[in-house]
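Colleague: Could you walk me through a few residues here, one at a time?
Modeller: Gladly, let's look together.

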Amino acid sequence: MASFNLVYLFIFLSFINFVTNRAQYPGFLGSICSGNKTTPKSAFELNLRSLVSYLSSNATANKQFYNTTVATRNHPDSTVYGMFVCWGDVPPQLCTQCVANATEEIVSGICFLSKEAVIWFDDCMVRYSNRSFFSTADLSSPSSSCVPFNVTNKKTKLMSLFSKTINEAAEEAANNPIGAKKYATKQERISGLQTLYCQAQCTPDLSPQNCRKCLNVSLDYAQQNCQGSLPQFNNPSCNMRSDLYPFYRPSTTPPPTELVPVTNFSHTDSTNPAYLSHNCSKTINTSDSDFLSNLRTLLSFLSSNSTTKTGFFKTTVDTVSGLLMCRGDLSPTLCQLCVLNAIQRISSECPSSKEAIIWYNQCLLRYSEHTHLSTLDTTPKFLDFNTDNTSNLNQQFFTWTLANTLSELESETDDSTIKNYGTKAVKLNDQQTLYTLAQCTPDLSYGDCSTCLGNIFNEEIPWCCMASPEGKVLYPSCYIMFGLSKFYRDAAEIEAPRPASPPPTTTRNIPINERNKPGTSKENNKGMSRTIIILIVVLIVVSVVLLSFCCYLQRRKARKSRYKSLLLGQESITLEGLQFDLTIIKAATNNFSHENKIGKGGFGEVYKGILSDGRCIAIKRLSTNSKQGYIEFKNEVLLIAKLQHRNLVTFIGFCMEEQEKILIYEYMPNGSLDYRLFG
C-alpha cells in the first residue's frame, strides 16, 4: 500500500508540473529569449512596456503588420525596436486577439526583462530587440521540421513537384512591394486524389530581394535536414510550409453562410450495430481441425468478454490470436450486441480463413493465426467518402475546417479518459455542426496511435475533392469517422463510464498542425491561475472517489466469488464449467422477451434462446416466488448433471446470479414421442 501511495504522489506532482508549465494563453507555440537581461524598473523596461502598449493598440482591423521604436532622450541603450505580423490567412479579429495575447505574454512570461525576444502564436508573431532589425532579413538558422510521406513509387516525382510549387509560392510572396502583404499559397495534384499544399510568407518590411533571399537560405537549410521528406521552417523574417492537407485558411473573409451539402451516411449515424465491411484472407484450411477448433474457442472467448468495461479484449488460443474493440462511447450492453453480430457474420463470411477482420459502425473484430495483433496494421482498409472534382469557397472552407479539426483531434486521443479515443465537434455555420471521432486499439502506444491516425490524415482522405464533410477510414489498428449528425455519445451520456487506462511512459505527441511550428515544447510560466487550482482540487477529489469505487467493486467481486463457492460447496469445481453468466442468458433470450417464451408451469417459465455459437437452447427460469432455496437448487443441478441418457434432454448448464435460478437444456422442437425414442 505504501508503494502505491508513492506512485500516486509521483503522478500527481508530475501533473502539477505539466499544468504550471503550459502557456497561459491559447495558441501559444513558443518563444526565443536572449540571455542578455535588463534590470527591473530600468529605462529599458519602461520603454518595453510602452512598446507593448503601442503594438497592442495598433493591432486593428486595418493592420496585420506594424513596427515602431520607443526611445528615451540621453539613454540610447534603452531604445526598443518592435513589430508584430499576423499570418497571411488570419482574419482581422483573430489577428487583434493574437497580438493582445502575445504582448501580454511578453510582460508576464519567461522572456520578460530579456533585451531580445521572439514570441510565436498560432496566428501571429511579436518581436522586439535593443538593436534595429527593420527591413533586414534574419538569415540565422531557422526552426525547421520534416513531414514524412508515403507516396508509393512516386518519391522523386513528389520532391520535384515540391521544389516547383514552393518556389512558385516564394516568388509570388516576394514580388509584392515593401509594406504590402508578402504571402502566397499554391497547391498541385500529386496523383489521384492526393494533393500537395504550399505556403510562403515574409514580414512586409522586407524588400522583394531580401524576402526571396530569406526564403531561399531558409529553404536550403531545411532541405538539408529533411532528406526525402517535406521541409518546413520558420524564422523571425520569413516562413515556409508544405503538407499533404489544406492547413491554411482559404480566405481571410468570413465563411459562406450557405449550408454545407449533406449526404446520407446512415451507417455512421445509426444507433444500432450496422455492418460496414469485412476482409477474409485468401489462405484457407478446411482440413486443419485444430485451427478450426481453436478459432471456435477464440470467438467464444471474445463473445463472453464483450461486456468488459474497457470495450477492448485481446486473447490467444494456442496459435490463433484475436481481439475486439468497441467504440469508446459504447456501453457494455451495446458493445456486446455489436460483437455478437460481428461474430455471427464473420463466421459465415470467413468460415475457414486463417485471417479475417470485420468492421461495424460501433465495433471491430479480427483474428489471425499469427500473434502480431499488437503491432501497427494499416491494411486491409475500408474507405467511404463522397468526392467531387469541382471546387468553390464553401467547399474549401468546410474542407479546411475538417482538416483543422482532425489535426487537433490527434491530441484529444492523448488527453481522453479512454485511452487512444477522442471526439471533437465544431460549428460550421448557424445550423450545422461537424462531428469527428478518432480511435486506436488501446494496446498501441501513443506514438503508434499518432502514426496510425497521421497515416489516415495525410494519405487516405481526399482533401482536394470532398463533396461533403462526411466519411470514414477504417484500419485494423485505428479509424477516423466524421459527419454532420452526431453519431457518438458524450461522456455524460455514457451508461457506464470506462476507467482510464494508465498512460505509458512515452512523451506526448505534437498535434499534426503544429509539427512545423517552433517552440512546441512547453515553456515555464509564472504563477498558477485560480482555474488551474480548482482543476487540480477537482481532479484529486475525482481520483479519490474513483479509487474508492474501484476498491469497492474489487471487494464486491471477491465476496461474490466466495459466496458462490459456499453455495456450491465441494462440488464447485465440478459445476464451474456448467455455470453461465446472466448477461449471456439475457442476450440469448433478448432479455427474456415475451416473443421467446414457449411455456410456463408451477416451477416458472420456459424460454427459447440462441447462444453466440448458434446453439438453440431451452431455458427454465425458476419463479422468484418458488420455495426452493439455493441448497435445493444446487442438489437438483448436481443430480441432473449426473443423469445423462440418450432418451433424456441434454443438460447444458445453469445460472445462479442476482436472485435468478436458471436451468439450461438442449432445445427440442415439437414432435411425436415414438420418433424421439426410436427415430
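This is a predicted model: local features need pLDDT of at least 70, side-chain atom pairs count only at pLDDT 80 or more; totals for chains, interfaces and linings use all residues.

Colleague: Good to know! Which strand is Cys 238 found in, and what does Cys 238 touch there?
Modeller: Leaving out residues up to four places away in sequence, Cys 238 touches Gln 201, Cys 202, Cys 214, Leu 215, Ser 218 and Phe 233. The strand spans residues 238-243, and its name is S10.

Colleague: How far apart in space are Cys 238 and Lys 213?
Modeller: In sequence, 25 residues separate Cys 238 and Lys 213. In space, taken C-alpha to C-alpha, the distance is 9.8 Å.

Colleague: Now for Ser 368: is Ser 368 buried or exposed?
Modeller: Ser 368 sits in strand S15, residues 363-368. Its contacts beyond four places in sequence are Thr 319, Val 320, Ser 321, Lys 354, Glu 355 and Leu 373. The cut-off for buried is under 20% relative accessible area. Ser 368 has 1% relative accessibility, so the word for Ser 368 is buried.

Colleague: Which side chain has a polar contact with that of Ser 368?
Modeller: Glu 355 is among the residues that Ser 368 touches. The polar contact joining the two side chains is 3.2 Å, and the partner of Ser 368 is Glu 355.

Colleague: Last one: how much accessible area does the nonpolar patch with Leu 546 have together?
Modeller: Leu 546 lies in helix H11, residues 530-568. Leu 546 is partly exposed because its relative accessible area is 49%. With Ile 534, Val 538 and Val 542, Leu 546 forms a nonpolar surface patch whose accessible area together is about 340 Å².

Definitions and conventions. Residues are numbered from 1 along each chain as its sequence is written. Side-chain values use heavy atoms; hydrogens and water are left out. Helices (H or I, at least four residues) and strands (E, at least two) are DSSP runs, numbered from the N terminus. Buried means under 20% relative accessible area, exposed over 50%, partly exposed in between (1.4 Å probe, protein chains only). A polar contact is a pair of N or O atoms within 3.5 Å; within protein, one must be able to donate a hydrogen and the other to accept it, and residues adjacent in sequence count only if both atoms are side-chain atoms. Contact means heavy atoms within 4.5 Å. Patches are made of residues with over 30% relative accessible area and no salt bridge: like charges are joined within 9 Å, nonpolar side chains (Val, Leu, Ile, Met, Phe, Trp, Tyr) within 5 Å. Accessible areas come from the Shrake-Rupley method with a 1.4 Å probe; for residues, only the protein chains shown count as cover. A salt bridge is a side-chain nitrogen of Lys or Arg within 4 Å of a carboxyl oxygen of Asp or Glu.
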